[in-house]
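Have the structure open as you read.

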Amino acid sequence: MLGLKLPTDPRWVNIVEKNIEEILTDHAFCEQKATSTAISLIVSFPEYTELVQEMTALVKEEISHFKMVHDIIIKRGWVLGRDRRDDYVIELLKFFPKGGSRTTQLVHRLLYAALIEARSCERFRLLSEELKDQELATFYRNLMVSEANHYTMFLGFARKYGEKKEVDTKWQQLLEYESQIIAKLGKSETIHG
Ligand SMILES: [Fe+2]
Ligand SMILES: [Fe+2]
């Protein structure tokens with residue numbers, strides 16, 4: 001349903017399970033980055049009225065996810081650590097050429113956001129199904145639904161503002177490229193690691 005070409009190796013959950021504090025820290029910052037992405041789309045593309053409306057709603061939702069993760073960190077007696085380096089995102093960005101028209105730039109940023117939502121959703125599903133920690137399993141099941149909606153929204157905007165056929169071709173190429181990145185990952189206790 002998410003179009004991803006390669007599923008995450010389920011053994012990734014075994015790595016995560018050994019270090020819940022680490023995954024929660026990384027996850028909190030994923031939610032912060034999702035919030036920042038929504039804000040930066042508003043700043044960069046203010047004339048896209050429908051996008052601005054949806055991004056405003058998304059800012060609230062993503063920062064509420066940040067708080068939910070932060071609340072769990074506090075409840076478990078930990079303090080939020082520093083942001084972690086996200087090699088997945090660094091590699092993903094290399095797919096997109098610099099420059100191009102304003103519409104192309106917008107489409108690229110929307111596809112980038114759509115893919116991160118899709119992969120996060122897939123990872124959350126895996127956590128919800130495989131984690132023995134029931135509190136966290138339920139937490140990830142609820143979040144999975146939100147991220148699936150975000151994926152659909154970003155892809156929908158890319159198709160609406162770009163040339164649909166061109167966008168679909170680019171999306172397929174991006175999915176292919178992403179599967180090569182993910183084939184090398186699944187070995188660390190971060191959301192995209
Ligand atoms: Fe989120
Ligand atoms: Fe999201």
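## Ground rules

This is a predicted model, so to speak plainly: local features need pLDDT of at least 70, side-chain atom pairs count only at pLDDT 80 or more, and totals for chains, interfaces and linings use all residues. Residues are numbered from 1 along each chain as its sequence is written, chains are lettered from A and ligands numbered from 1 in the order written, and side-chain values use heavy atoms, with hydrogens and water left out.

A donor here is an N, O or S atom within 2.8 Å of the metal (3.2 Å for Na, K and Ca); water is not among the atoms, so sites may look incomplete. Helices are DSSP runs (H or I, at least four residues), numbered from the N terminus.

Glu-117 and His-150 are both buried, meaning under 20% relative accessible area with a 1.4 Å probe, protein chains only.

Glu-31 (OE), Glu-62 (OE), His-65 (ND1) and Glu-147 (OE) coordinate the iron ion (ligand 1) at 2.0 to 2.3 Å. Glu-62 bridges this ion and the iron ion (ligand 2), and the two ions lie 3.5 Å apart. The spacing of the donor residues for ligand 1 is E-x30-E-x2-H-x81-E. Here the pair linking distant parts of the chain is Glu-31 in helix α2 (residues 20–44) and Glu-147 in helix α6 (residues 134–161), 116 residues apart.

Glu-31 counts as buried because its relative accessibility is 3%, and Glu-147 is buried with a relative accessible area of 3%.

## Packing around the helices

The largest nonpolar core has 62 residues, and those touching the most other members are Leu-24, Leu-51, Leu-110, Leu-111, Tyr-140, Phe-154 and Trp-171. Such a core is a set of buried Ala, Val, Leu, Ile, Met, Phe, Trp, Tyr and Cys residues joined through side-chain atoms within 4.5 Å.

Technical notes. Helices (H or I, at least four residues) and strands (E, at least two) are DSSP runs, numbered from the N terminus. Buried means under 20% relative accessible area, exposed over 50%, partly exposed in between (1.4 Å probe, protein chains only).
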